[in-house]
Amino acid sequence: PSTEEENQDFENNKEYSYAEGSVSVSDSVKERVVLGTLGAFVGALIGTICIAIFEQYNYGDGYIASFCGIVMGFCAMGGYQLLGKKMSKKGIIITIVIMLVMGYVGNWISYAIARADVTGLDFMTTFWWTQSRVSRGLIEGEYYKSLVILYVFMAIEAVPTIKKYFK
């Protein structure tokens, strides 16, 4: 290949990063949106499981929520990039929506488990009870504090990937 062809290949390559890793992708690689969405969902599911398990140790203190938010952001963005092969604006929007929904669900599950332990009721009863109380505005501040911290740390983890795309 000539120097001109090499320069063209170099200009067509983009580099995306997530946490400590990075992936170099050529513009000629086609984004696989469905697989990327699946990757983002599986990554967010890993984060949701992290929330449901680890938040039980000290629900509402914020430290665990911050760790779980980082895990979810890393896994969801990395999952989309891994299976989707390329990140686009569409991929970023899909991944962010999935992260927001799964973060909410993870916090809801975690809170319901914590309430089930306190009240002695079964999980499903407290799961639906929690959502009923949230919709009526009767829930305590720790629920929202944990959710906000979770969202902030998801964003902290996702922003480097998003910034890399918009360079």
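A crossing of two helices is called left-handed if the near helix is turned anticlockwise from the far one by less than a right angle, and right-handed if clockwise. The model described here is predicted, so local features need pLDDT of at least 70 and side-chain atom pairs count only at pLDDT 80 or more, while totals for chains, interfaces and linings use all residues. Residues are numbered from 1 along each chain as its sequence is written, and side-chain values use heavy atoms, with hydrogens and water left out.

Helices here are DSSP runs (H or I, at least four residues), numbered from the N terminus. The crossing of H3 and H4 is right-handed. Helix H3 spans residues 63–84 and helix H4 residues 89–119, and the two pack at an angle of about 145° with their axes 10 Å apart; axes are lines fitted to C-alpha atoms over the stretch in contact, and angles run from 0 to 180 degrees between N-to-C directions. Contact (heavy atoms within 4.5 Å) brings Met72, Gly73, Ala76, Met77 and Tyr80 of H3 to Gly91, Thr95, Met99, Met102 and Gly103 of H4.

Next come the cysteines. With a disulfide defined as a pair of cysteine sulfur atoms within 2.5 Å, the count is zero. The sulfur of Cys50 has its closest cysteine sulfur in Cys68, 3.1 Å away, which is too far for a bond. For Cys75, the closest cysteine sulfur is that of Cys50, at 8.4 Å, again too far. Cys50 is buried, at 7% relative accessibility (buried means under 20% relative accessible area, exposed over 50%, partly exposed in between, with a 1.4 Å probe and protein chains only).
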